[in-house]
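Here is a short briefing on one protein chain. Start with the display, then take the points topic by topic.

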Amino acid sequence: GGGTGAGPADASNDPEASAMDARRAPAACPAEAPEGMACVGGGWFLRGSERAPNEGPPVEVFVETFFMERHEVTNAAYAECVEAGVCEPPFPYRAFRRPRQPVVAMRWEDADAYCRWRGRRLPTEVEWERGARGPENTTYPWGDDPAGCDRVHVRDRRGHGCGTETTREVGTLPAGHWGLFDMAGNVDEWVADWYAPCFEGCPGACGEACAGEEPRGPCDGAPECRNRLRVVRGGSWWWPLDHATGAFRRGKPPANGVHHRYGFRCARDLAPPRPSE
């Protein structure tokens, strides 16, 4: 499991630490979320882990409360965007095309275009982690203890996808924090951020862009950046459980178009987006 990120000294008598503990209580959510979305309560939390160099060092960050889609985007939902002439058709992998399976072989641009078409956006990396780790900042979307295929669709001793060699239909395993499904396993999920090899203390570190309030990563996630990889989160049917933690992160070329592991889900601010001018 990942480290808790506790500081090296006992901070129990530190007024700043006490204030931080008070700030960590998640903010309240509105009574209703948009259809198909869940509310993720904002607040300060400890992002990252000490488990792997690219997951750290752990640092306190703040996210506003936001909405996130409960499920990974399905083939059926994505097909509507293709039919509207906005999205590119995905590579037609035969075992991955049932309507309720998550759409795969997504380029980052496809995921971004779909979310915008829906009046939504890709979640930032820190939003995604908040969604996966919940108000208690757990290692996995269900808690701190490892689980088997009754909770997460990953590679196990039987093979990829718990021996099925494909994805599961979305929402067929129990929900994790905030009522979000499949935040671990099933498909790797694109997020908005460009990838940096660590948050602090390595060549190419993200630095201030990954710290503080509402961090958006290198170049603020702009269309062009000196960084060449975008972030995927959550692990997939292809990888074992150690890819399925809330802090696990990888960088991948955004122009992917063949790998049958990359999908996504969308997010939205609490205030509905204004119509385009």
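Two strands pair if DSSP finds at least two bridges between them. Helices (H or I, at least four residues) and strands (E, at least two) are DSSP runs, numbered from the N terminus. This is a predicted model, in which local features need pLDDT of at least 70 and side-chain atom pairs count only at pLDDT 80 or more, while totals for chains, interfaces and linings use all residues. Residues are numbered from 1 along each chain as its sequence is written, and side-chain values use heavy atoms, with hydrogens and water left out.

- In β7, Arg230 is the bridge partner of Trp194.
- β5 and β7 pair in the antiparallel sense, over three bridges.
- β7 and β8 also run antiparallel, joined by four bridges.
- Val232 stands opposite Arg250 of β8.
- The sheet is open, with four strands in the order β8-β7-β5-β9 and mixed pairing.
- β8 and β9 (262-263) are the edge strands, each with a single partner, so one side of each has no neighbour in the sheet.
- Strands of a sheet pair through backbone hydrogen bonds, either parallel or antiparallel.
- From β8 (residues 249-252), Arg249 and Gly251 point one way, Arg250 and Lys252 the other.
- All four of these β8 residues are buried. Buried means under 20% relative accessible area, exposed over 50%, and partly exposed in between (1.4 Å probe, protein chains only).

**Helix α2**

- Asn75, Ala77, Tyr78 and Cys81 are buried in helix α2 (residues 75-83).
- Seen down the axis of α2, these buried residues fall within an arc of 160°, so they line one face of the helix. The arc is that of the directions from the helix axis to the C-beta atoms.
- The buried residues of α2 pack against α3 (108-117). Contact here means heavy atoms within 4.5 Å.

**Nonpolar cores**

- A nonpolar core is a set of buried Ala, Val, Leu, Ile, Met, Phe, Trp, Tyr and Cys residues joined through side-chain atoms within 4.5 Å.
- The largest core has 18 residues. Those with the most contacts inside it are Val73, Tyr78, Tyr114, Leu122, Trp190 and Phe264.
- α2, α3 and β5 are the elements that give two or more residues to this core. The largest share, four residues, comes from α3.
- A second, separate core of 12 residues includes Phe66, Ala132, Val231 and Ala267.
- Not counting residues up to four places away in sequence, Val73 touches Tyr78, Gln101, Pro102, Val103, Tyr114, Phe264, Arg265 and Cys266.

**Disulfides**

- The structure holds seven disulfides. Each is a pair of cysteine sulfur atoms within 2.5 Å.
- Cys115 and Cys266 are joined, S to S 2.1 Å. Their link is left-handed, with -90° about the S-S bond.
- Cys115 lies in helix α3 and Cys266 in the loop between β9 and β10 (267-269), so the pair ties together parts that are 151 residues apart in sequence. Both cysteines are buried.
- Cys81 is joined to Cys87, S to S 2.0 Å. The torsion about this S-S bond is about 70°, so the disulfide is right-handed. Cys81 and Cys87 are both buried.
- Cys206 is joined to Cys210, S to S 2.0 Å. This disulfide is right-handed because its S-S torsion is about 85°.
- Cys206 counts as buried at 10% relative accessibility, and Cys210 at 2%.

**Loops and backbone geometry**

- Asn227 sits in the loop between β6 (212-213) and β7 (230-233). Asn227 is buried, with a relative accessible area of 11%.
- A polar atom of the Asn227 side chain lies 2.8 Å from the backbone oxygen of Tyr195.
- Leaving out residues up to four places away in sequence, Asn227 touches Trp194, Tyr195, Ala196 and Pro218.
- Glu214 is found in the loop between β6 and β7. Glu214 has a positive phi of about 50° although it is not a glycine, and is partly exposed at 28% relative accessible area.
- Asn186 is in the loop between α4 (125-133) and β5 (188-194). Asn186 is not a glycine, yet has a positive phi of about 70°. Its relative accessible area is 0%, so Asn186 is buried.
- The peptide bond from Gly56 to Pro57 is cis, with omega near -5°. Pro57 is found in the loop between β2 (43-47) and β3 (59-63).

Key
Polar contact = N/O pair within 3.5 Å; in protein donor to acceptor, adjacent residues only side chain to side chain.
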